[in-house]
Amino acid sequence: MPEIFAQPFMQYALLAGVMIGLLTGFYGVFVVQRGLSFLGNGLAYAAFGGIALGLLLNRDPVWIAVPFTVLVALAIMWLQDRTRLSGDTAVGIFFSVSMALGVVFISLAHSYSVDAFNYLFGSILAVSNADLLLTGGLIVLTLCAVPLWRQWTYATFDRELALADRVPVKLHDYMLAVLIALTVVVATKIVGAVLVASFLVIPAATARLLSKTFAQMTIISVLMGVITTAIGLVASYYLDMPSGAMMILTQATCFFVALVFQRR
């Protein structure tokens, strides 16, 4: 095992994977419990649209994708809040528009097709210091938001009562959407836009099967995200398989084991 992480790029990959597993595990419980799984997919493809724009402009794609994806997340929440459209409908609209824009931008930037492929399917072994700093900064921001966890949980289980208790539910919805959007952007470089939604859903769904309280679900989801990411990375090294795919398959294996255990 030690020789796997003797090389710096593997150390970077492990650190990035663990941090992404922690972030997606924490926010994934709200995505699953609120029935927002489609939001993860929508924001992932919104991130790809921003990345494609960055490639077209010959700028760092991640820094273009951050404001692009945040704006899409805010637009989804605004459309859901101000119209009669359901959340899935709002996500579907921006999902389609962002993906279409991404395709247009990529078609205009012919020389960057390889980079676009890496962002679609992930490239954890190409993680840079800047990627680690960005992910670490998001973890610090998440730690600052942890005191809001109780109010987010309150609104998740009884939105009407939370509103009656004068909890700023709508403000928290926007905050949560922005933080999930940022998580999706930083995870896209590592696991790819195609697979990032699974990181938000599978560990949290597994935790839901194994827990009796939402606090337990949050802790198990975070641990599941971190551990399965590390195991998937090691498995991809020995099997010479794509890292992102092996992480997802590891998470899926844990989910089905938990499903059998829960049924028994």
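Among contacts in the chain between residues at least 6 apart in sequence, what percentage join residues at least 24 apart? The share is 75%, with contact meaning heavy atoms within 4.5 Å.

The structure is a predicted model: local features need pLDDT of at least 70, side-chain atom pairs count only at pLDDT 80 or more, and totals for chains, interfaces and linings use all residues. Residues are numbered from 1 along each chain as its sequence is written, and side-chain values use heavy atoms, without hydrogens and water.

Confidence was expressed as pLDDT, the predictor's score for each residue from 0 to 100. The chain mean is 86. A value of 70 or more is reached by 96% of residues. Helix α5 (residues 113-121) has the lowest confidence, at a mean of 70. Helix α7 (residues 149-157) has the highest, at 93.

The chain holds 12 helices and 0 strands. These elements are DSSP runs, numbered from the N terminus (helices: H or I, at least four residues; strands: E, at least two).

The radius of gyration, taken over C-alpha atoms, was compared with a globule rule of 2.2 Å times the number of residues to the power 0.38. For 264 residues, a compact globule would have a value near 18 Å, and the chain agrees at 18 Å. The C-alpha trace spans about 55 × 45 × 30 Å along its principal axes.

Of the 264 residues, 50% count as buried, that is, under 20% relative accessible area (1.4 Å probe, protein chains only). The chain exposes about 12600 Å². Carbon and sulfur atoms supply 68% of that area.

Definitions and conventions:
Accessible areas come from the Shrake-Rupley method with a 1.4 Å probe; for residues, only the protein chains shown count as cover.
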